[in-house]
Amino acid sequence: MLSLDPLGPAWDCPLASKDLEEEEGPWGGGAGLPPPGCFSGSWRHDVGLDCKGSLEGAEARAWTVYHYSLLQSCLQQAGLPETQDRSQVPRTGCPGAEVTLCILGSPSTFLSVLLEGGVQSPGNMLLCLSPAWLMKVPAPGQPGESVLLVSKAVSFYPGGSTFLDDFVPPRRATYFLAGLGLGPGRGREAAELARDLTCPTGASAELARLLEDRLLTRRLLAQQGGVAVPATLAFTYKPPALLRVGDASPGLRLVELSGKEGQETLVKEEVEAFLHSEALGDALQVAVKLSGWRWRGRQALRLYSQKELGTVVDTVLALLEKLEEEESVLVEAVCPPARLPFPGSPPPGPELAVRICAVVCRTQGDRPLLSKLHLVESDPNHFASQLVQTFIHFDVTEHRRDEENARLLAELVRARGLQLDGCFSYWDDCLVLTALLCQELGLPCSPPAAMRLAKQKSCTQLHLLRCHGPPWPAPSLHAVPCCPLESEADVERAVHQVPLPGVMKLEFGAGAVGVRLVEDAPQCHEHFSRITRDLQGEADHPGIGLGWGNAMLLMEFIEGTEHDVDLVVYGGRLLAAFVSDNGPTRLPGFTETAACMPTGLAPEQEAQLVQAAFRCCLGCGLLDGVFNVELKLTRAGPKLIEINPRMGGFYLRDWILELYGVDLLLAAAMVACGLRPALPSHPRARGHLVGVMCLASQHLQTLSSTASRETLQALHDQGLLRFNLLEEVLVPGEYEEPYCSVACAGPSLAEARLRLLGLCQGLGIDGPHYPVAHFLSHFK
């Protein structure tokens, strides 16, 4: 925020002894009672601000009342309702299971964060007005670390609604942010509460020492960032180590003092040289002020003309008496205010340096900054091995040894002293291994038996066929008859049990590789023989589940439209669901051709699919995680194709992030760590996406010319389409997966579909052997 007003008398703050010795209320570390009757407005004062079991003294109680009144004043000025006191009926819950974002500090400082938190995670954004509302207890099994418990807080909800709540039992903080100060008051208490916690924190006393020292940040910005800063003369007393190292910075003159007394001659010489130096440029005034973390947020400064040498020297000498170690007195050029260029106006003033301080817990790419990432991978040269904190090379390709491998991996984790909060995978083959490892390490996860059930397709269907309820409607309504196949004799028996035409597929397959429509017994035997011969192990086609073997199944072919439902489930509760539609496949194969999101179905049909997917997951015991469920919507309702007990593949994560702002990968990581993701209960899409798959067998020439990888990426970068590369190598084959997905966005389904059709015709993706218009015909 840049001011366009000239500097006036209001900026000229006197530096009396009272100003220098007092700080900004309790959070700055000062003592004393708060100013009385300083807030306008009316609200109830007979509220329960006392915290049972933690009594406050008169002074601390006065500050709690002061900050409660400050909160009510801020809410009133924003046109928001008064806080409702419901502390007489304590809130209960599942200790440790909730997301608890706790802020300890001034309501006016953090109000915008609190209000937004109430929207994104209702009831989980908490404001504590007193350190007495919190307590630290030792963390079990983690020597030297503590758990922070919240006994009382103001809870924030959508619409700016707030409630004064007691929590019995206390809630465990999963994130803590405190307004830190440096003196003997509440600021120091906040700093101690933030120290050595098991949960992430947004600030610490050590971080505040760095960020709140004006001279230090100015020096680092000039040295390491090449940022222009105001011309500054600094008298430092026993400066910190970071100020003593490094080359001199342009415009910054540091004078290290051996003591605080007897410095008159040195100060006069330095100030005189500074006031007559070219470094001041066009500045007509200088400011004299203190620097150091004790003076955080202070406006104690004096402005002088460049010609007032004696007055500037006297002020510097007076301030030297107040210095403590690692503090400084600054004499700096006053930059003129920013002036926007208007037609006919003179050019704007000199370049300005803007100091921006941001304490974050997440990087720009939405990667948790405070989380440690560990990777287990079979490929020792995997690109991600250089991007993680710990890389464990371990061969996990033979999944029939998952139980043994889980024990070995657990031993490796313990041997390295890794303290894990969660473990998850988005790779089909490793899902059972992940569940077994979580079981070994005592980490949150759906049971290994549930993962095995979902991983083996015939077991999924046969198990659900036996689930007749309660609850109702029972999952058996959505299951489809099938038979597992391990030999020719199994095939012969299956053709007499499963109605034909049917679908034959690999038990543990992925990407629709080897899936085929079979219309009679000879076709069943022929396809079984071909798969048994061509796809025997992982080396024949890596990444499609052959590490589990090449057993197959025959299931009834279901007529209807195909849909994907991506679910986020936590503790057996459905948090969010995203439905997409698939276009008709190129029979007798089932490789995906086209898709659209959000679904074009009527709301009641969409709800049927979501409930069917959710009940099928619960029926298999999948209680925690992000799951992808493939279904067909038939005249008899939703029918299950298969459950993928991980987030949706191909383009689905990117599409959902683009349309709904929800990252399934982040949600999966949070659930794996035992944290409930904050998700919209009724997500609304910001538009529509319609896409088609490109195959090497159908588009080899096109993908090598008019629709090359470089061309598609350039169009993606220009915002003309969405390009998801799914395979690195463009090689046609009998058992292939899609090479890439190309999609177009639009404000409506019809417009997105028309844009995509025109683009495919122009690029040569559409053709007689790959009729895009037919594949998009379901999307109406």
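**Strands, a sheet and one serine**

Student: Quick one to start: which residue in E17 is the bridge partner of Met-504?
Tutor: In E17, Met-504 has Arg-516 as its bridge partner. Keep in mind that this is a predicted model, where local features need pLDDT of at least 70 and side-chain atom pairs count only at pLDDT 80 or more, while totals for chains, interfaces and linings use all residues. Residues are numbered from 1 along each chain as its sequence is written, and side-chain values use heavy atoms, with hydrogens and water left out.

Student: And what counts as a strand, or as a pair of them?
Tutor: Strands (E, at least two residues) and helices (H or I, at least four) are DSSP runs, numbered from the N terminus. Two strands pair if DSSP finds at least two bridges between them.

Student: How many bridges link E16 and E17 then?
Tutor: Three, with E16 and E17 (residues 516–518) paired in the antiparallel sense. E16 also runs antiparallel to strand E18 (residues 552–556), joined by five bridges, and there Met-504 stands opposite Leu-554.

Student: Is E16 mostly covered or uncovered?
Tutor: Mostly covered: five of the five residues in E16 (residues 502–506) are buried. Buried means under 20% relative accessible area, exposed over 50% and partly exposed in between (1.4 Å probe, protein chains only). Gly-502, Met-504 and Leu-506 point one way, Val-503 and Lys-505 the other.

Student: Switching topic: in what order do the strands of the eight-stranded open sheet run?
Tutor: E23-E22-E19-E20-E21-E24-E26-E25, with antiparallel pairing. E23 (637–644) and E25 (722–725) stand at the edges with a single partner strand each, so one side of each has no neighbour in the sheet. The twist averages 25 degrees from one strand to the next; axes are lines fitted to C-alpha atoms (for helices over the stretch in contact), and angles run from 0 to 180 degrees between N-to-C directions.

Student: What joins E19 to E20?
Tutor: Nine bridges, between residues 561–570 and 573–582. Val-565 has Val-579 in E20 as its partner.

Student: What about Ser-69, buried or exposed?
Tutor: Buried, because its relative accessibility is 9%. Ser-69 lies in helix H2 (residues 58–77). Leaving aside neighbours within four places in sequence, Ser-69 is in contact (heavy atoms within 4.5 Å) with Phe-39, Trp-43 and His-45.
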